[in-house]
Amino acid sequence: MFNKLDERVLSLFAAALVALATTSVRAGDRQEAENLPPIYDTKADGEKQIADALTAAKSDGRRVLLQFGANWCIWCHWLHTVLTTDPKIAKVVKDDYLLVLIDIDDVDGKRHNDAIDERFGRPTKSGVPAWIVLNANGKMLASVNTEAMEKGKGYDNEKVLATLKQYGKDHPAAEAHLAAATAEAKAQSKNLLVYFSAPWCEWCKRLDAYFARPEVSKALASSFAIVRLDLELNPGASEIAAKYGRGEKDGLPFFLILDASGKQMADSFGPKGNCGFPVETFEVEHFMSVLKTTGKYLDADKLRTLEGSLKSEP
């Protein structure tokens, strides 16, 4: 008959056997993972990664998907492969999320980004990869144990897709999106900067990245309520763009400036048509002219910042 001490010893022995087996499997997995190209930046500041992603997310309402893991984690590599190579999944990630890989490896004897892990309730306590989903304001919407999506030595793509769709962004009708921005503009005595894009538009991504730069975002926010309308994701966006003069052959991105009453003040049509993402000198001149004439609170310093950041684009 076992007494409590015997039971405790047996439990510890069983746990040790499980730990030994797990360590053996993980050692093999680790060797396999270390032969793959690294996907996590072991020197990146996780707080800055998150802050940058949230700034970008505010422009279009996407979620921020934090994937905690490390380069030695083969499951992290497998999940990353699913997210980036499965066409359906990659599209949802691109349309609905900003994916941020948070490294948790040991750096100089300390666990990298440990404070972030703690802040979100230790999602890695059950292992990695682990997901945290944030909205554009930084509120945590979900903590996801990715083990539930595993299948054999890999992942069940349908479960991954379903999970992403469950927590993905809402795609409001363009009119509702525009109305919310108009209300913000009225409340803050600003004008509206409305720009139109599409998921396949590379120049649109350049404009997204430019608007997401901290110095650009700060300067523009002083004078504009900014709203991004996706021609494919926001129902009614194409009709609004057409209403304000964009034709099907005018290209993307397309932007316009409205006052708080909805009156059109300016747009991206310059001397040679839609300037889109301004690169050429005449395009930059038109873009800056629009900002100068419609940005109520853009002083000389802010305008220099905006133009300098634009010209520093690769």
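**A sheet and its helices**

Tutor: Let's start with a pairing: strand 1 (residues 63–69) and strand 5 (residues 130–134) run antiparallel to each other, joined over 5 bridges. Strands here are DSSP runs of E with at least two residues, helices are runs of H or I with at least four, and both are numbered from the N terminus; two strands count as paired if DSSP finds at least two bridges between them. Within that pairing, valine 64 sits opposite leucine 134 of strand 5. Before going on, a word on the source: this is a predicted model, where local features need pLDDT of at least 70, side-chain atom pairs count only at pLDDT 80 or more, and totals for chains, interfaces and linings use all residues. Residues are numbered from 1 along each chain as its sequence is written, and side-chain values use heavy atoms, with hydrogens and water left out.

Zooming out, the open sheet has 4 strands in the order 2-1-5-6, with mixed pairing. From one strand to the next, the twist averages 20 degrees; angles run from 0 to 180 degrees between N-to-C directions, with axes fitted as lines to C-alpha atoms, for helices over the stretch in contact.

Helix 2 (residues 46–57) lies across strand 1, strand 2 and strand 5, at about 175 degrees to strand 2. Helix 3 (residues 74–85) also packs on the sheet, touching strand 1, strand 2 and strand 5, and its direction makes about 150 degrees with that of strand 1.

Technical notes
Contact = heavy atoms within 4.5 Å.
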